Each structure stands twice: as structure tokens, then as C-alpha cells.
Amino acid sequence: MKLSRQFTVFGSAIFCVVIFSLYLMLDHLQLDHTKSPNNGGDKLQNVSFSISLGQLSILQDKIDRLERLLSENNEIIANIRDSVINLKESVKDGRGGLDGGNMSQGPYLELLASPPLVLPIDSQDCQFATREFSKPLLDVYDLLTFDNHDGGVWKQGFDITYQDNEWDSEPLQVFVVPHSHNDPGWLKTFDDYYRDQTQHILNNIVVKLHEDSRRKMIWSEISYFSKWWDNIDNQKRDAVKRYLFEQGQLEITTGGWVMPDEANSHYFALIDQLLEGHQWLERNVGVKPQTGWAVDPFGHSPTQAYLLKQAGLANMLIQRVHYSVKKHFASQKTLEFFWRQNWDPASSTDILCHMMPFYSYDIPHTCGPDPKICCQFDFKRLPGGRVSCPWRVPPQPITDGNVQQRVQMLLDQYRKKSKLFRTKVVMVPLGDDFRYAEALEWDQQFQNYQKLFDYMNSHPELHVKAQFGTITDYFNALRKSSIDPGHASASLPVVSGDFFTYADRDDHYWSGYFTSRPFYKHLDRVLESHLRAAEILYSLTLANIQRFGKLNDFPAVENNRLLTEARRNLGLFQHHDAITGTGKDMVVIDYGTRLFHSILNLNQVIVNSAHWLVLKDKSAYSHNPSKAFLQMDDIQPSQDAACTNRSFSPRSVVVYNPTEQDRTSVVTVYVNTPHVCVITDHGHPVPAQVMSVTLFCYLLFFVYPLFIQRLKLKENGSEHQIKVEFAWYGTTSNRDKSGAYLFLPDGEAKMYSPARSPVIRITKGSVFSEITTTFDHVTHTLRLYNVQGVEGQAVEICNLVDIRREFNHEIAMRLASDVDSKDRFFTDLNGFQIQPRRTMAKLPLQANFYPMTSMAYIQDPGTRLTLLTAQSLGSASLVSGQLEVIMDRRLNQDDNRGLGQGVLDNKVTPSTFRLLLEKRKPSPLSYPSLLSHVSSLYLNHPLISMAVSTEAQSLSLSAFTPLASSLPCDIHLVNLRSIQSKEDGGGPSDEAALILHRKGFDCAFSNRNTGLLCATTQGKIHTEKLFSELRFQSIIPVSLTLMHTTEGGSSKEEIRLKPMEISTYRVQLT
């Protein structure tokens, strides 16, 4: 007790010094006592309509002086912050738990929660953005002519020659890698593919590999493998583990739930599907993937390379790259390279990558440059089968009489292929979509190839060693050949950048799928937000239940099952024919149904967890599914349904902030009367406004369209011309037209001109003001929030698009500004990193569109204009000062890429954006600002409001504030994900995966009046000060997906992240 009093007195003394120092700095301090005193992100609070934690008013004539003092005393401010946190901890026992009514109303809490006039940024945190930005792939595009000359038998390449004696001193090593590419949905649904084909392929793997130990096979899609595993007996499972995995005959490549799309998927979902696959492997078969295998995604992102590296993989393979880029890489012998992140000054992010050189991953395009020859060695196409060679020269069964001649033909292709690489190790895939479903094909392929290999290996004069192998067998040999000093091969090159936009021939650029089926792309992001929110709240609930020792009847196992199902449904949708919008209509419906059901299920997880956390008396918790304690407010029976709540009695609303930052944001709830008063749990009024959701109440009609004309910077009052326009793209009149994959426009876009005058609705209020313009095809809303926080810094744009009656049309939103961006613009990759772009006149219009997952921006030396998006879409900057986004596509024909249909299942689709105008200092490098990072976070993770049921109004609630304070501005809590127990029953373990990302940001922006309630700390987090009540019982640095323990890493007392780093920790909270 005496020690506690000493700490209290000491903390009070520090606090007095702090306040006195601030008083001297500011001369005058005005505090608004009407705001809630709580601080700390990820909070639940029974407050409605505006979560604002206090406002700091400072005399105008002291502003400049304050800015100078704060910038000079970052360390002092940090010490003040720590002192206040320590003070909070020292008086915690006297605070009365989490009851908002008993929380201290002292001024220091409101001071911490007030948006600082100047955002405190550590000077060392600004050094990252001054590093040289690597962009060799942009330089490659400058070199290429994209002329598409006929290369002979290798149409998109060149003639390859060699000397017969080139392998005399070192024989050619050939690894033939059998594979079967199984799409988890495309022309059939996931379940139909499994029933008709995939289960037979996996059954054959067990039988046919066991027949000959020289046979090898690789497998990628854990979504299929896990479904098959659940349906086989223990004897077959043991055979797979003992004979296939342990002996190296079967290799799991990548190990993700699917082979994901790399353009539209957000990095949260990419991590989640990879983690789900790896955790399933760890629990069930004990396999740790070493090599990534991505033969079918339509372009490749360095984000995926980084995630694989962080997960512990050493190698990866890619296939779908622009044919001109492939030709260039082949001519320079750079098809095998170390893929490095463009921010990495050393080699910490390097992963060894193999780029397949030819048109496709099927057998005719993998053994060598001549598909006519290679097709003759696809023995599934033997005469009498259902598949034949389009070059009309069929394969021949290998016999003693023809083996020499067939070996010479095949070896010639192997040698020519090897001339495109720097070592004498060559890899030859042997497979295609859904191959090896029949036992006959196994016999045809493996028996005939083994005869060829036996002949090659028994004739030393051929100087070749050929064998079946896994992809890691090949990479191991490659590393040995390229690193051993006894070999003459040069070291492998380093490449940075991405491989978008993909073209497979002529001007056929695959930029259409960046937008195809945007309704489902939007639904994907809604599910991501709900999943992250549910994961974090569920994990915190489990930890607090353990701390209180009161499990009651909380449905931990059932909620874990719902979470697992949602993870897998989200993971399934990351498949490269799902989120891309390139599946059959019935398949898209199947995906959408899974997404929607998971959103509803996650609402239950959130409600159940929030119920336990906000109850002041934990013993009063009772789980009753038929009478929910909390009710989600974000779902109505239909889009235009009226409110069904007829109770006019007072209601409590619980609001969940799923981000790691304190925030002042607008909360939206449905009410059934315009006569509403909102108060905090302390009885203080909250500013609110009511807006009708029908078209016949409180409306003002005009006949003149209202768009943005100009934006004014708050800081210096400068105005910039910015205009929002809409435009149509048609499709070309050529034989090949736009479809689900391809964007083949009929020229430049034509301005949208509606047949009827639009209807205008103007809303002006104390919380927000907006203008809604309703056209025939789009309802366009511009909204300004009158809040002091981050949302008050940007213009919100909401478009509701309906092109269901159109014919071969694509609708675009265009922002035209006076920003002098020339031919440069920037798009993000997977919401993780920024890629510089250059609009090139030598390329067709469709080649200059790129994926935009979370943001795109243009800039000149003094200004940046950023468009933040809540859904993935295709974007471009075709003219200086413009940003363009394709919002929906309706196409009446197939584009001859295998789908066999157009895109005609359009829905009324919402799309939401934030437009951010920022003053910047000239800088040759470019990263997002801190404000744009946090704005994007808020846009993608809105507040979640839940109404307390009328039957539960009498129960006492208390705010739940898990974090002691906001995390640093540049550190994002990617997830706090419960880990499933290895014991039978399917419940959660007592561990969770804590995934953190330190974002790279640009300091060339003003840090005044940003609305941010955080600071930067050189990437350091003190673990003992992270949570307000919980503590780490253990914290172990691990690889991204928990499969490897990381040597070294952070200490238990402090987490330290480098810029751009994503790190995972296996934690126990108590």
C-alpha cells in the first residue's frame, strides 16, 4: 500500500510538472469537458453519432510558437505521454474498472485525446522516404518497343541456336515437374469441380506415386486438399504422410487456401488465405512449404513475393507476364532472378524467382520453344483420346524402335530452352488444368517419360541427366549451380517492381478484370472488414474471459467455427477466377452466397463478443441466440426497406472502433423518427442530424448537375480546379472484343450525357453536408464531414451504378484537375505498397490501366491529389492532371479466354471513395502520407454500431478500451487472430497470432491540422504499455504464417519494426 501511494504521489508530481510546462508553452489552455475522456483504439463505447475525445483550443497568436516548440521537443512530448500512461496505470485500482461513469474526468485524459495542432513525427522516421526508389521494370518498359515481331516457331520470341558441345564439361540437368492446376471455381463451382475431377486426381496421386518411387508430383490448393483429407480414412492419410511427403514424392507448393489473384486482392486477404492454408498443413500433415507456384494469376505483384518470403518460403515461380517482357528477360537471360522489394536497400526481401518463358503453362508451351514438337510429348493426346494436338501431329507411344529419335527431338527442345537461362539446370512443367484425373493418363505420361529418361541417362554422350522432380528439387539444383564457385555461370540478377498489366498476345491486355463484377469486389472488402473486426474482438474476449475466470456460457467453439468458415470463404474468393470476376454466372452466385452468409455469421461473432465485453457485471452474461443482447444496425431487409423498429423509448447504442487509432468519426444508425436526441453515457448531448432515406421527404429538386468544381486547401486557402466527370467506353469492332478478362475499347472514352435532366438533393447539417445527383445510370453523392478528425480532411464520393440495360458499355469516373502530373501517376499494390506508373503513348489505351486496390494519386512539385477507394477497380491517368476509374462493365460476348460467356449479370453496385488534396514539398520519391494511410484505414474499416435490445436496457454497461493508447500512426494492427487448438473439438487454443505492419510514409507533407490522434516512435512498441488491462504471458516472434520461429527478433519488452515490415507474433494474453 505504501509503495502504491509513493507511485501515485510520484506520478502526480510528474503530471503537475507536465501541466505546468505545457502552461508555459501555451500561455492558455482551453479544454472542452463535454467530450468522452476515453483513449485507445479498438474500443467499444455506448455513445452515438460522434466519438470525439476532446478538442484543444489554442490562441491564434501562439500557433507558430507551439509548432516550433513541439517540433523541437518530440522527446519531451514522448516522455509526457509515457508519464501520463504510467500515472493511469498507478491509479488504475482506484478507477473502478472500465465503468465509464467512474472514469476520471481530469484534464490530462482530454488533452491526450485532442488532435494536436502539429502531428509529432520523429525525424528518424522521415529518413525512410529519402532512400532511392528502385524501379528497373519501369526502365525495361522504356527500352521495349512492343512491336510483336513473328519469332518463328516461338511466335512471341526469337530463334534459338546452340552448339552440340556446350554441355560436354557440364551436363544438362532436366527436372520434369508433373502438376495439375485445379481452379477452386471457374466453369464449375468449387464443390462440382471437387466431385467431378479433383477428388479423383488426389486419389490417383496416392496410388500412382506409390507404384514407382521415381515419380513426383506437386499440389497447391489447400482448399481442395483439406476437403479431400476430411473424406479419406486414416490408412490413406498415413500413406500420404509416410510414403509421399516424407520420401519427397509429393510436394505442397505455396500452401495457400487458393492460388490467389495478385491484382485485386488486399494484402489482409492474401495473408489470411496463406495463413489458413499453412495452419491447416501444420495441424494435419506437418508440412512446411518451401516454394511458391503461381502459373495462372493474370499478372504478378511483388506484394505476394514479400508475403511468401515473410512466411519462410525461399523460392517462387510465375508465369503470366507480358509477352514482350518475357522476350526481353529471355534475351538477357534474366528469367531466373532475385525479386526484391523496391524499398529494400539491401537483400533482406530477396526471394529466388523463376519466370516461365513461353505462352502458357500447358505441355505444348513448356518443354521448349516449339509447341508443335512439345505437344507430341503430351501423352494424354495419344490417338484415340478426347484431346488432340492442334498442330495435327499426334504423340507416339515410346518404344525401343523410336526411343532414340524421340529423345533427340525432346532433348533439342530442352537444350534450346536451357539457352534462355544462365545455368545448365532446366525445369519443365508437365501438366495442365485438372490433369491426372484418370489412371490411364498417369500410365501414359509417367511410363513414356520414364523410357525417355532411361535412354537419356544411359547414354553419357548426350550429356544430360533427366528425371521427374518437384519444383523445390529444381530450385535446390539451381542454387547449387549458380552459387558453387566451380561453375562458370554468372550470379543471378536482382529485379524490383511488378508485372502488370499482362498481355498474352497482340494488344490483348488483361486490364478488364481489374473491374469485372465490381459488386462482388465490394462485397469482398465488406467481408474483410467484418472478419478483421470479429477476429480482434473474439480474441480479446477470450483473453478477458481467461483473466476474469468467468467463461459462463460464451459460445467460444461455435464462434470459432463461424470464424473458420468465414476465413475459408474469404480465402476461396481470393482465387484468380473469383475476385477477378472471371467465372461463370452460377459460380459467381456461389461465391457471393458464401461471402454474404459469412458476413451474417461474423455479425453474430461480433455481437456475442461485444455482449460479454461491455457488460459491467460479467456474471450477468447469458447467451441466448433467440434473443440477441445486441443487434447489428447495418443491415436492412432490402435496399429501400423502411425501418422496422417502432419503439420510441430510449435505446442504447454500442459503437465498436475496429482500428488501432483513436478517432473522431461519424456514426450512422437507422431511426424511425426525425425527432432524435443523442447523449453520451454521461448525459452530455452529441451533435447529430437526421436525413430521410426516401425520395419524397426533405428533398430539394434542381435540374442542373452539381459536381466538384474546385477544392480549397484548409492550411493556406489555395484553390485547385478539380472536376468530376463520367464517361463511357465501348468495345472495338474487331473480331476480338472486350470480355471478362480483356479491355479492348473502341477508342477514347465519350463523355456521359444523360437523356434526362438529373435530380439534385442538397443536405446541409451540423454533422455533414452533401449533394446527391441522380442520373439514369449513376447516383453520385459528394459529402463533406464537419468533424475535427481525419474524415473532415477529405471529400467522400459515393457512386451507385446501374448499367443493367446497357450493351457493351463500361462506365468510368474521371477526376480532371490542374495538378501538373504529366505522364506520371501512382497506384497501390494490394493495399500494401505504392508502384510508380508512367502513361506511355507507344502502348494502347488499355495497356495504361492498372489495378487500384486502395489508392491512386497524381502529384506535381507542390500538390498531391489522392483517390482512396473502398473496393478494387481498374484505374489510369491518361492525361496530365487526370485520374480515371472504371466503375462497372457490361459486355455481351466472350473474349476467347476460356470462360465462354460475356459479363451480363450486373447489379446495382455501390462504390465509395475519399478524395484527399495535400500540399507537399518537392521530392523525387513518393510514398503515401500518414494522413492518406489513416484515411484509407478508416474508409475500409468503418465504425460498427449495435443497438442494445429493449429487453436488456436495464443492464449496466461499461466501455471496453483494450489499448492503453493509440498505436503509432505508422503501425497497423493487421490482425489479432485466434489459433485453433490441435485437440479434437475444433475450439480455439489459448494463443493468438498478432500481425503488425509498419507502413512506409512520406514526410514531404504538412503535419498541421491533420486530425490524427497519434505520433510516430521509430517503429517501437513497448509491449507492457500496449494494452490497458491485458498483459502478454508470452510473445514469440514467428514467420508470417506461424510455421517457423524467428531467430533473434524483438524482445518480450519491446517490438521494433522496420518501415514496410510485416511481422507476426505468437502471443498469449492474460
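Q: Which residues does Gln273 touch?
A: Leaving out residues up to four places away in sequence, Gln273 touches Gly256, Trp257, Val258, Pro260 and Gly571. Contact here means heavy atoms within 4.5 Å.

Q: What should I know about the model before reading on?
A: This is a predicted model, where local features need pLDDT of at least 70 and side-chain atom pairs count only at pLDDT 80 or more, while totals for chains, interfaces and linings use all residues. Residues are numbered from 1 along each chain as its sequence is written, and side-chain values use heavy atoms, with hydrogens and water left out.

Q: OK, back to Gln273. Where does it sit, and is it buried or exposed?
A: Gln273 is in helix α9 (residues 267-284). It is buried, with a relative accessible area of 1%. Buried means under 20% relative accessible area, exposed over 50%, and partly exposed in between (1.4 Å probe, protein chains only).

Q: How much of the chain is buried?
A: Buried residues make up 62% of the 1070 residues. The chain has 19 helices and 42 strands; these are DSSP runs numbered from the N terminus, helices being H or I with at least four residues and strands E with at least two.

Q: Switching to α16: how far apart are its end C-alpha atoms?
A: They are 45 Å apart, which agrees with the 45 Å that the 31 residues of α16 (518-548) should span at 1.5 Å a residue. The expected span is 1.5 Å times one less than the number of residues.

Q: And how many of those residues are buried?
A: 26 of the 31, so to speak mostly covered. Gly549 follows α16 and has a positive phi, near 70°.

Q: Which strands does α16 lie across?
A: α16 lies across β37, β38 and β42, and runs at about 60° to β37. Axes are lines fitted to C-alpha atoms, for helices over the stretch in contact, and angles run from 0 to 180 degrees between N-to-C directions.

Q: What's the strand order in that sheet?
A: It's an open sheet of four strands, β37-β38-β42-β40, with antiparallel pairing. β37 (971-980) and β40 (1032-1038) are at the edges with a single partner strand each, so one side of each has no neighbour in the sheet. Two strands pair if DSSP finds at least two bridges between them.

Q: How many bridges between β38 and β42?
A: Six, between β38 (residues 988-998) and β42 (residues 1062-1069). Ile995 stands opposite Thr1064 in β42.

Q: New topic: at what angle do α13 and α14 pack?
A: About 85°, with axes 10 Å apart, for α13 (residues 403-418) and α14 (residues 439-457). They are therefore roughly perpendicular, the word used for 65 to 115 degrees (under 35 is roughly parallel, over 145 roughly antiparallel, the rest oblique).

Q: Which residues make that contact?
A: Among them are Val407, Leu410 and Leu411 of α13, and Leu452, Phe453 and Met456 of α14.

Q: Last one, Val767. Where is it, and what does it touch?
A: Val767 lies in the loop between β23 (759-764) and β24 (768-774), and is buried at 7% relative accessible area. It touches Val666, Pro687, Ala688, Gln689, Leu784, Tyr785 and Asn786, not counting residues up to four places away in sequence.
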